[in-house]
Structures are given as structure tokens and as C-alpha cells.
Amino acid sequence: MIALDLLLRWIHIFGAIMLVGSTIFMRCAYVPAKADVDGDLDANFVESLRKRWSFLVMISSGQLLVSGLIGFVLLMKNFDISKDAFPGSAYHMIFGIKFLLAFVVFFLAAALSGRSGLAQKLREREKTWLTVNMVLAITVVCFAGMMRLADRSEKSTSSLPQAVPSVANVHELTSTPDGP
Ligand code: HEM
């Protein structure tokens with residue numbers, strides 16, 4: 001199971017790197033560089049960049065969603081989240097908020113890199129929407145960091161039935177092999 005956990009973790013982390021990293025690149029490198037250039041950028045270049053970013057967004061959103069869902073189901077099945085240490089019982093609420101924010105991030109990234117009418121509308125205020133999506137994506141990573149902090153114990157070891165002495169076996173436990 002450790003191999004599956006590791007594989008899911010790698011897929012999730014590389015998905016996050018691609019989606020969050022490319023959004024930060026678009027907002028902090030592409031948009032300011034475009035503003036530095038006199039006149040419009042070459043339309044072929046802009047279209048080619050859009051297509052390539054759209055591909056990255058599609059791959060990374062897919063891998064984040066699949067690895068995140070499987071990872072969460074396995075986590076709930078195999079581990080107990082400690083209520084004593086941070087984030088304690090808020091773990092599930094943090095997951096819920098992260099999940100909802102992630103969908104907004106997927107949607108905005110797909111819309112900003114897409115070809116639809118909505119995409120064209122959003123691109124008219126590209127800088128604003130990229131800023132919104134970058135902040136949301138970073139917030140999702142911060143929420144993930146809080147979830148990772150949660151203290152957890154494996155269910156298989158912590159929930160093994162304990163041997164409870166009963167009237168039926170107390171004689172066995174106290175008698176010696178040579179006794180009456
Ligand atoms: C914008 C989208 C997302 C980003 C940037 C993101 C980022 C991350 C990061 C950086 C981690 C920590 C990974 C590690 O240290 O192993 C993580 C953990 C996790 N993510 Fe995501 N994630 C996203 C979407 C999702 C979605 C959609 C789900 C569920 C359907 C999900 C479920 C999880 C789970 C279950 C963990 C493990 C938490 C724990 O160990 O307590 N994530 N995420």
C-alpha cells in the first residue's frame with residue numbers, strides 16, 4: 001500500500017506544481033512582459049502559448065482531482081485523524097473548503113486558457129482574473145499544508161480488538177500448568 005500512497009502523493013504534488021506554478025508564471029512573468037512590449041504581441045505566439053498552457057491545465061487538474069479523491073478515500077479508510085493536535089476536528093472542514101476552492105481554481109484556469117466566449121471575456125481582464133486565481137491556488141496549497149500537519153494513526157494497529165479478561169478465561173490466565 002505504501003507504493004500506492006507514494007505514487008498518489010507524487011502525482012498530486014506534480015499536479016500542484018504544474019497548475020499553481022503555471023498560474024504564477026502567467027500572472028507574474030507573462031502579463032508584465034506583455035505590458036513591457038510596445039504594441040500587440042504576435043497573434044500566433046499568443047495562440048500557441050494559450051494552447052500549451054491549456055494542455056498543462058487539463059493534465060494537472062485531472063491528476064489533482066483523481067489523486068486527491070483516491071488519496072482522501074484511502075486516508076479515511078486507513079487512518080484516524082487525532083482530535084487533540086491541530087487541526088483536530090477542523091480537518092474535514094479544511095478539506096471541504098480546499099475541495100471547493102480547488103474547483104474554482106480548475107474552472108478559472110480552464111476558462112483563462114480556453115477558447116470559449118467566456119474565456120475571451122475573462123481575458124479582457126486577464127490580469128485581474130489571473131491575480132484572483134493565483135491567490136486562490138496559493139490558498140489551496142496553504143490549506144493542504146494544514147491538512148498535512150494533522151496527527152494521524154493507522155486504523156489497523158490502533159483499532160485491533162484488545163484481549164479483555166473475562167470470567168471465562170480468568171482461570172486460564174491465573175492457573176499454573178501443574179495446578180488443580
Ligand atoms: C488546485 C488544486 C489542488 C492543489 C494545488 C492541491 C495541493 C495539495 C498539496 C500541495 C498537498 C500536500 C501534498 C503532500 O505533502 O503530500 C495536498 C494534499 C492533499 N490533497 Fe490536494 N490539492 C488540490 C486539489 C485537491 C483535490 C481536488 C482533492 C480531493 C478531491 C485534494 C485532496 C488532497 C488530500 C486528501 C491531500 C492529503 C492531505 C493529508 O495528508 O492530510 N486536493 N494537496
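**Helices around a ligand**

Let's start where helix 3 meets helix 5: their crossing is left-handed, meaning that the near helix is turned anticlockwise from the far one by less than a right angle (clockwise would be right-handed). This is a predicted model, so to speak of local features takes a pLDDT of at least 70 and side-chain atom pairs count only at pLDDT 80 or more, while totals for chains, interfaces and linings use all residues. Residues are numbered from 1 along each chain as its sequence is written. Helices are DSSP runs of H or I, at least four residues long, numbered from the N terminus.

Helix 3 and helix 5 pack with their axes 9 Å apart, at an angle of about 150° (axes are lines fitted to C-alpha atoms over the stretch in contact, and angles run from 0 to 180 degrees between N-to-C directions). That is why helix 3 and helix 5 count as roughly antiparallel, the label for angles over 145 degrees. The residues of this contact between helix 3 and helix 5 are 21 nonpolar, two polar and two charged. Here Ala, Val, Leu, Ile, Met, Phe, Trp, Tyr, Cys and Pro are nonpolar, Asp, Glu, Lys and Arg charged, and the others, Gly among them, polar.

Now turn to helix 2 and helix 3. Their axes cross at roughly 160° and come within 9 Å, so helix 2 and helix 3 are roughly antiparallel to each other. The crossing of helix 2 with helix 3 is left-handed. On the helix 2 side, the contact is made by Arg-50, Trp-53, Ser-54, Val-57, Ser-61, Leu-64 and Phe-72; helix 3 brings in Phe-95, Ala-102, Phe-106, Ala-109, Ala-110 and Ser-113 (contact: C-beta atoms, placed from the backbone, within 7 Å). Sorted by type, the residues of the helix 2 and helix 3 contact come to nine nonpolar, three polar and one charged.

Next, the ligand. It is surrounded by 23 residues, the closest being Gly-68, Phe-72, Ala-102, Ala-144 and Met-147 (a residue is near if its C-beta atom lies within 6 Å). Helix 1 (2-36), helix 2 (43-78), helix 3 (91-113) and helix 5 each put at least two residues into this shell. Helix 2 supplies the largest share, seven residues. By type, the shell around the ligand holds 18 nonpolar residues, three polar and two charged.

Last stop: Arg-125, in the loop between helix 4 (117-124) and helix 5 (126-149). Arg-125 lies 13 residues from Leu-112 in sequence, and their C-alpha atoms are 9.9 Å apart in space.

Technical notes: Parallel < 35°, antiparallel > 145°, perpendicular 65-115°, else oblique. Contact = placed C-beta atoms within 7 Å.
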